[in-house]
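Biologist: Before I rely on any label attached to this model, I would like to hear how each one was reached.

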Amino acid sequence: MKGKKLIAVAAGAVMAFTLAACSGSGAGDDSSADATTSAAPAESNGGDAAMEKGTIGVAMPTQTSERWIADGDAVKAGLEAEGYTVDLQFAGDDIPTQSQQIDSMITNGSQLLIVAAIDGTALSGQLEAAAAAGIPVIAYDRLIRDSANVDYYVTFDNYKVGVQQATSLLVGLGVLNADGSEGDAEGPFNIELFAGSLDDNNAHFFYSGAIDTLQPYIDSGVLVVPSGQTDIEQVATLRWAQETAQKRMEDLLTSSYSSEKVQGVLSPYDGISRGILTALSNAGYGPTIADGMPVVTGQDAEIASVKLINDDVQYATIFKDTRKLAAQAVAASLEFLAGATPEANDTTTYDNGVKVVPSYLLDSDIVYKDNITSLLVDSGYWTADEVASGVAE
């Protein structure tokens, strides 16, 4: 996998540009190096300054999604720019591995932990040990639940992300216009719904925002779900896996579409979207939306899916600029390490079952074919060549 962007933090101001890697076909890709450690001392003008400042542990869930590689490397680069040594580890979507990695970070003297949890309910013991050692814990884009020992949460407005996903589906079907006004299409349209992994707290926010947006159209008959599967427990995708989504879409087509056609699919993540699109393509849909491929949504603006959008295969994705997320995590880390309290712009929403965790929420954008250049290319997130090839350089 190739890296492309880094993040730098200097002189009290955070400047971010992210590292993203080519994932090929995405979330289902095999990666033999998925449980890895990267803890080399940072280079700095201060010589031994990195060792003097100490180590920060960064626990990421997997390397099979390009965004987690981007996040991990961006956070690492930003902290190293401030003179810290970074113990960055990826857990291969294996809960015991991540627990052991965090245990090791604590044992080895990390001064602060940044954790993107695989299972947000599985780290209570590790967080108790961190608290006993006086180590602040930042939950990174996935809320850690059932623990009082979560000090801060950096994420996007995840309910809004779900609203945006549903909105993009409605726009693709013509029920809404891109500006949010009512479109001319009246339906009924056959749709199916997918959600993320139930052990990821964000999946619930995404789906809640989406279903709240779609439900009035389902109630009015503009949208129809032939499978009848609308509860999150029915539509969830364990570990956000591409192959799992593909298999479920294949089963839905077999069981519910013998004579009818599906016209839209709510997908919460680009890897899931690619699995859905593979199933649809194998069933004879497409090859493009103009040729009858259903409207399929997504999230994360992964380069393989951005190309599919540009090629009129996938309809939309949600762009969560992880450069900003990494920058906020770095900024919050520096505040904690200086003995200060990081800024939170939401102190009411994210109740983890024990406490409301002070949070910083960032905004996201819907990516359609006609705004790829303005949102992704002009901002330097992807280049025009990468969009054309679907491969990160």
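This is a predicted model: local features need pLDDT of at least 70, side-chain atom pairs count only at pLDDT 80 or more; totals for chains, interfaces and linings use all residues.

The talk below goes through the cavities, the helix contacts and the backbone.

Biologist: What makes a space a cavity, and how many are found in the whole structure?

Modeller: A cavity is a set of points, on a 1 Å grid over the protein atoms alone, where a 1.4 Å probe fits but cannot get out.

Biologist: Which residues line the largest cavity, and what is the lining like by class?

Modeller: The lining has 22 residues, of which W68, R142, D200, W240 and Y269 are the closest to the centre; a lining residue has an atom within 4 Å of a point. By class there are seven nonpolar, six polar and nine charged residues, where Ala, Val, Leu, Ile, Met, Phe, Trp, Tyr, Cys and Pro count as nonpolar, Asp, Glu, Lys and Arg as charged, and the others, Gly among them, as polar. Helices α2 (66-81) and α6 (201-220) each supply at least two residues of this lining, helices being DSSP runs of H or I with at least four residues and strands runs of E with at least two, numbered from the N terminus.

Biologist: Why are α5 and α6 called oblique to each other?

Modeller: The axes of α5 (residues 158-173) and α6 come within 7 Å and cross at roughly 40°, with axes fitted as lines to C-alpha atoms over the stretch in contact and angles running from 0 to 180 degrees between N-to-C directions. Angles under 35 degrees count as roughly parallel, over 145 as roughly antiparallel, 65 to 115 as roughly perpendicular and the rest as oblique, so α5 and α6 are oblique. The residues in contact, with heavy atoms within 4.5 Å, include V161, Q165 and L169 of α5 and F205, G209 and D212 of α6. They divide into 11 nonpolar, eight polar and one charged.

Biologist: What makes α2 and α11 oblique?

Modeller: Their axes come within 9 Å and cross at roughly 40°, so α2 and α11 are oblique to each other.

Biologist: How do you know which peptide bonds are cis, and where is phi positive?

Modeller: The bond joining G187 and P188 is cis, with omega about 5°, and P188 is found in the loop between α5 and β9 (189-193). The bond from G286 to P287 is also cis, with omega near 20°. D146, which is not a glycine, has a positive phi of about 60° and lies in the loop between β7 (137-140) and β8 (152-156). Most residues other than glycine have a negative phi, and most peptide bonds are trans.

Definitions and conventions:
Residues are numbered from 1 along each chain as its sequence is written. Side-chain values use heavy atoms; hydrogens and water are left out. On a 1 Å grid over the protein atoms alone, a cavity is a set of points where a 1.4 Å probe fits but cannot get out, and a pocket is an open set with protein on both sides within 12 Å along at least five of seven lines; lining residues have an atom within 4 Å of a point.
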